[in-house]
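User: Can you walk me through how some of the helices pack in this one?
Analyst: Gladly, let us take the contacts one at a time.

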Amino acid sequence: MVSVTRKLTLTVISALAFLTGTLSPPVYARADERPACEQNGITVYRNFPGAAFDSCAFSKDGTVEFVIRPEDKEINPSPWYAFRVVSNASRRLPVVLNYGRIKHRYLPDVNYDGHTWQPLNDAQVISNPDETRVQFSVALHPAHATTVAAQPLLAGADYRAWIDSLDSATVSTKEIGRSPLNNPLWRLTTAPKTHTLLLIGRQHPPETTGAIAMLAFMERLFAQDELAREFRQQVGILAYPLLNPDGVELGYWRHNTGSQDLNRDWGPFTQIETRSVASDIDEYLGEHATTLIKSIDFHSTWYEVFYTQEDATADNFPALLGNWMTEFERAMKTWRPDFALNRKPSHNADRPTAKSYFFERYGVASTTLEIGDATPDAYTGRYAQLAAESFMRVWLEQSR
Ligand SMILES: [Zn+2]
């Protein structure tokens with residue numbers, strides 16, 4: 001068992017390193033190859049998936065200032081930015097991020113070699129008193145570009161590469177539709193069973209730590225050890241990992257190209273992305289005559305938190321949620337003895353979130369699993385693995 005666990009850990013960690021370290025060439029993204037601004041042999045580009053800023057300009061002292069603006073006016077304050085700099089000589093580039101009236105949120109991650117993301121720390125990023133403008137510097141080298149982003153990039157091509165790396169004997173992939181910008185909406189499934197676990201992710205483009213958690217969670221469910229095999233004998237997995245591919249490609253803060261927060265569209269269904277996924281879920285459940293046992297929607301916020309319903313309020317498998325939370329906390333404490341579960345039970349029937357929708361439509365406990373913006377990938381990976389393991393154990397125990 002120990003060797004199995006170790007092997008799984010390595011699989012996830014190496015997959016994470018691959019994902020977060022890869023700067024894939026744009027496959028279907030808007031690629032703007034024209035320089036956004038340039039001065040004295042330094043050129044700034046937004047020519048890759050996820051690249052975003054409103055404008056940039058050099059000052060006489062050589063500082064480059066970026067104006068960071070959201071895709072729409074009324075929006076959650078998650079100021080995303082990503083840009084690439086090419087230089088004809090080695091030097092340091094002073095950078096200013098000007099957020100207008102919005103406060104700085106994401107510490108920059110810098111990629112010098114095309115593989116490794118290095119987060120800057122608080123001491124390296126100087127902020128004005130109201131935190132609407134920050135300053136830092138990055139190194140430039142003539143041999144390679146320097147890429148700076150609000151979070152390590154994880155765009156459509158990275159998902160595609162991850163999906164292609166999965167064992168096709170265990171996991172089937174289907175494109176259930178296309179986004180308004182013609183990007184694929186993927187569905188991953190294991191063999192259909194009488195019970196189904198539903199997972200969705202990346203409704204909100206900047207939330208890459210939640211996306212990493214979702215991939216690690218799925219890898220654990222797809223594993224070939226006894227626990228995962230036995231679980232998959234009873235429960236089919238139905239997963240939609242990338243709900244907002246256009247927002248991800250365009251470096252949006254929150255919305256899709258229809259100016260909507262997709263996690264407020266579960267009910268109105270005014271958007272293609274949510275409508276496609278919701279109808280595909282209904283079709284899948286009907287076609288395979290299978291019952292949903294639970295849904296989990298992966299996000300990021302300032303810290304780890306589970307948004308759930310109150311215990312025993314779901315019509316189906318009412319004890320499952322509470323048992324999972326208890327078992328997860330126990331599992332985390334064996335790894336991090338000082339771990340304390342952060343769980344906020346509530347039900348906002350009037351807010352058309354995925355969480356409310358799955359609870360009301362299918363009578364299952366639905367959870368929003370949030371990872372901290374700055375939580376390291378290794379922690380996120382282990383946290384998500386333990387969340388998946390504890391869920392599988394709790395399910396198997398209650399079904400015996
Ligand atoms: Zn979110």
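User: What's the angle between α4 and α9, and how far apart are their axes?
Analyst: In this predicted model, helix α4, residues 226-234, packs on helix α9, residues 377-399, at an angle of about 55°, and their axes are 10 Å apart. That angle makes α4 oblique to α9.

User: Left-handed or right-handed crossing for α4 and α9?
Analyst: The crossing of α4 and α9 is left-handed.

User: Which residues in α4 and α9 meet?
Analyst: From α4 the contact takes in Leu227, Ala228, Glu230, Phe231 and Gln234, and these meet Glu389, Phe391, Met392, Arg393, Trp395, Leu396 and Ser399 in α9.

User: OK, switching to α3. How do the axes of α3 and α9 cross?
Analyst: Helix α3 spans residues 208-221, and its axis comes within 8 Å of the axis of α9, with the two crossing at roughly 45°. The helices α3 and α9 are therefore oblique to each other, and their crossing is right-handed.

User: And which residues meet there, in α3 and in α9?
Analyst: On the α3 side they are Thr209, Ile212, Ala213, Ala216, Phe217, Arg220 and Leu221, while α9 contributes Asp377, Thr380, Gly381, Ala384, Gln385, Ala387, Ala388, Glu389 and Met392.

User: How many nonpolar, polar and charged residues in the contact of α3 with α9?
Analyst: The contact of α3 with α9 divides into 9 nonpolar, 4 polar and 3 charged residues.

Key: Residues are numbered from 1 along each chain as its sequence is written. This is a predicted model: local features need pLDDT of at least 70, side-chain atom pairs count only at pLDDT 80 or more; totals for chains, interfaces and linings use all residues. Side-chain values use heavy atoms; hydrogens and water are left out. Axes are lines fitted to C-alpha atoms, for helices over the stretch in contact, and angles run from 0 to 180 degrees between N-to-C directions. Helices (H or I, at least four residues) and strands (E, at least two) are DSSP runs, numbered from the N terminus. Angles under 35 degrees count as roughly parallel, over 145 as roughly antiparallel, 65 to 115 as roughly perpendicular and the rest as oblique. A crossing is left-handed if the near helix is turned anticlockwise from the far one by less than a right angle, and right-handed if clockwise. Contact means heavy atoms within 4.5 Å. Ala, Val, Leu, Ile, Met, Phe, Trp, Tyr, Cys and Pro count as nonpolar, Asp, Glu, Lys and Arg as charged, and the others, Gly among them, as polar.
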